Amino acid sequence: MTTVHDKIKAELLQEVYANIDRIYDSIDQHFVMDETRRDNVIKHLNILKDELYFIFQTTPLS
């Protein structure tokens, strides 16, 4: 059974992920990057998503 806290966390995570995707889109639209730089940006944003996912899964809400 999913608790209210789990539902809140899921919604927050979805919102955070969407914001990270918007950050990437904004960077991609406003800056000319070579393939290596673009891959690096994507890699680091994915690392951020992974870290946030871990926090959301292992840390209780305040």
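Asp 28 is partly exposed, with a relative accessible area of 30%. On the terms here, buried means under 20% relative accessible area, exposed over 50%, and partly exposed in between, with a 1.4 Å probe and protein chains only. Before going on, the sources: this is a predicted model, where local features need pLDDT of at least 70, side-chain atom pairs count only at pLDDT 80 or more, and totals for chains, interfaces and linings use all residues. Residues are numbered from 1 along each chain as its sequence is written, and side-chain values use heavy atoms, with hydrogens and water left out.

Back to Asp 28, which is found in helix H1. Helices are DSSP runs of H or I with at least four residues, strands are runs of E with at least two, and both are numbered from the N terminus. The chain has two helices and zero strands.

What does Arg 38 form with Asp 28? The two side chains form a salt bridge, with the closest N and O atoms 3.1 Å apart. The pair links distant parts of the chain, since Arg 38 is in helix H2 and Asp 28 in helix H1, 10 residues apart. From C-alpha to C-alpha, Asp 28 and Arg 38 are 7.9 Å apart in space. Arg 38 is partly exposed, at a relative accessible area of 27%.

The rule for a salt bridge is a side-chain nitrogen of Lys or Arg within 4 Å of a carboxyl oxygen of Asp or Glu. By this rule the count comes to two.

The other pair to show is Asp 21 with Lys 49, whose side chains meet in a salt bridge at 2.7 Å, N to O. Asp 21 lies in helix H1 and Lys 49 in helix H2 (residues 35-58), so this pair ties together parts that are 28 residues apart in sequence. Lys 49 counts as buried at 15% relative accessibility, while Asp 21 counts as partly exposed at 36%.

Next, the charges overall. The chain has 7 positive and 11 negative side chains, and the centres of the two sets lie 2 Å apart. Lys and Arg count as positive and Asp and Glu as negative, with His and the chain ends not counted. The place of a charge is NZ of Lys, CZ of Arg, CG of Asp or CD of Glu.

Now the nonpolar side. Val 4, Ile 8 and Leu 12 form a nonpolar patch on the surface, with about 250 Å² of accessible area together. Leu 12 is found in helix H1 (residues 4-30) and is partly exposed at 35%.

Last, the overall shape. The C-alpha trace spans about 45 × 20 × 15 Å along its principal axes. Of the 62 residues of the chain, 16% count as buried.

Conventions. Patches are made of residues with over 30% relative accessible area and no salt bridge: like charges are joined within 9 Å, nonpolar side chains (Val, Leu, Ile, Met, Phe, Trp, Tyr) within 5 Å. Accessible areas come from the Shrake-Rupley method with a 1.4 Å probe; for residues, only the protein chains shown count as cover.
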